[in-house]
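Subject: Structure for you to look at

Hello,

Here is the structure I promised. Please open it and keep it beside you as you read.

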Amino acid sequence: MTGNSSAIVAGLTAAALLTVGVLGYQASANAPAAAHTARTDTARTALQADRDKDSPGALPKGSGQGSRVVYALGVDRVWLVEKDGKIRRTFPVDPSTVDPEPGTYRVTSRSKSIMGSDGIPVEHVVRFASNDGTAIGFSAAVDGSAAAPTPDPELATGGIRETRADGEAMWRFAVIGRKVVVVR
């Protein structure tokens, strides 16, 4: 009888391991390509960012260290910041209907030129976040218009529009993995 009990336990163990393996494979096959780790330190960054009220073009205090892109939602402005903290470039932007949450992200993808979600051809697309399934990133209209047309509030779009010159500067600076800090 001992031999039969061992065989039954071995069979059940093998069946359990096979089931776990199949379920693990199914989970990994249906998971996103990258773990959702693009956003880190959200609360800390959002609380520490502080804009100079006397100089709205000044880099927000508490917006991080090192090489990064800083995007201030309240003033619709971007700063490209070098590793040593010097500002390479700053410029105004026009937001779309969906904003990223304040926090720290990384550039996750880029496209040289595509059709924008608003139907306008755009270039130098630098994506760094998503909000409720809407991809969010910086881009420049190929026709040179700095501002997006008045966004349709019914359409969820995440394109943060720049001028073509600013888009070119962003494209050269914001490579895959570059830190993007969003503050209020």
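Below are the notes on the sheet, the helix across it and the cores.

This is a predicted model: local features need pLDDT of at least 70, side-chain atom pairs count only at pLDDT 80 or more, and totals for chains, interfaces and linings use all residues. Residues are numbered from 1 along each chain as its sequence is written, and side-chain values use heavy atoms, without hydrogens and water.

Start with the sheet. Four strands form it, in the order β5-β6-β7-β8. The sheet is open and its pairing is mixed. (Strands are DSSP runs of E, at least two residues; helices are runs of H or I, at least four; both are numbered from the N terminus. Two strands pair if DSSP finds at least two bridges between them.) β5 (109-115) and β8 (159-162) are the edge strands, each with a single partner, so one side of each has no neighbour in the sheet.

β6 and β7 pair in the antiparallel sense over seven bridges. Asparagine 131 stands opposite threonine 134 in β7.

Now the cores. A nonpolar core is a set of buried Ala, Val, Leu, Ile, Met, Phe, Trp, Tyr and Cys residues joined through side-chain atoms within 4.5 Å. Buried means under 20% relative accessible area (1.4 Å probe, protein chains only). The largest core has 23 residues. Val69, Val78, Phe128, Phe138 and Met170 touch the most other members. α3 gives the largest share of this core, four residues. Apart from it lies another core, of six residues, including Val70 and Trp79.

Best wishes

Conventions:
Buried < 20%, exposed > 50% of the residue type's maximum accessible area, 1.4 Å probe, protein only.
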